Amino acid sequence: MRDTPHMADVKMVFLGFGKWARADKIYALQPIVGDDRGGGRRTLVWVEGISDPIVASRTERTILQDMGQDAAIGVQLLDDALSFAERVARDADEGRVDLSDLGRRARKLLEQSGESPKLF
């Protein structure tokens with residue numbers, strides 16, 4: 001019995017910019033935000049054995065999907081939806097509902113889920 005998987009059993013994940021990493025060696029993904037994001041820079045990928053993160057041109061969602069971690073995407077979406085619902089309830093209780101903010105947040109959740117906002 002082998003301690004390490006056979007190379008044919010190891011899934012490789014494309015990170016963009018011609019970079020690939022073994023799915024079983026990726027241990028953290030961080031979206032790049034603010035002024036650091038752009039020019040194809042979307043996600044920092046930490047890989048076991050490499051001290052600095054790799055800059056990926058793909059989103060953390062697509063990297064997770066390629067890693068076979070579709071369930072992790074659903075958990076984050078559920079967390080975001082619950083946070084949104086808590087905010088709506090709190091704002092409604094305080095009488096300070098900002099419909100344009102709520103609409104923006106709802107559209108963002110729909111986009112994350114893969115659904116497009118429908119008008120009527």
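This report walks through the core, the aromatic pair and the salt bridges of a predicted model.

## Before we start

Because the model is predicted, local features need pLDDT of at least 70 and side-chain atom pairs count only at pLDDT 80 or more, while totals for chains, interfaces and linings use all residues. Residues are numbered from 1 along each chain as its sequence is written, and side-chain values use heavy atoms, leaving out hydrogens and water.

## The nonpolar core

Let's begin inside. The largest nonpolar core has 11 residues: Val13, Leu15, Ala21, Ala23, Ile26, Val45, Val47, Ile54, Ala56, Ile63 and Met67. Two or more of these residues come from each of strand 1 (12-16), strand 4 (43-47), strand 5 (54-56) and helix 1 (60-67). A nonpolar core here is a set of buried Ala, Val, Leu, Ile, Met, Phe, Trp, Tyr and Cys residues joined through side-chain atoms within 4.5 Å. Buried means under 20% relative accessible area, exposed over 50%, and partly exposed in between (1.4 Å probe, protein chains only). Helices (H or I, at least four residues) and strands (E, at least two) are DSSP runs, numbered from the N terminus.

Take a look at Ile63, one of the core residues. Leaving aside residues up to four places away in sequence, Ile63 touches Val13, Leu15, Ile26, Leu29, Thr43, Val45, Ala56 and Arg58; contact means heavy atoms within 4.5 Å.

## One aromatic pair

The whole structure holds one aromatic pair. Its members are Phe14 and Trp20, tilted, with 5.0 Å from centre to centre and 55° between the planes. Rings of Phe, Tyr and Trp (its six-membered ring) pair if their centres lie within 6.5 Å; planes under 30 degrees apart count as stacked, over 60 as edge-to-face and the rest as tilted. Phe14 is partly exposed at 30% relative accessibility, whereas Trp20 is exposed at 51%.

## Salt bridges

Seven salt bridges turn up in the whole structure. Each is a side-chain nitrogen of Lys or Arg within 4 Å of a carboxyl oxygen of Asp or Glu.

One of them joins Lys25 and Glu48, with the closest N and O atoms 3.4 Å apart. Lys25 lies in the loop between strand 2 (19-22) and strand 3 (26-31) and Glu48 in the loop between strand 4 and strand 5, so this pair ties together parts that are 23 residues apart in sequence. Glu94 and Arg96 also meet in a salt bridge, at 2.5 Å from N to O. Through shared partners, salt bridges link Arg90, Asp91, Glu94 and Arg96 into one network.
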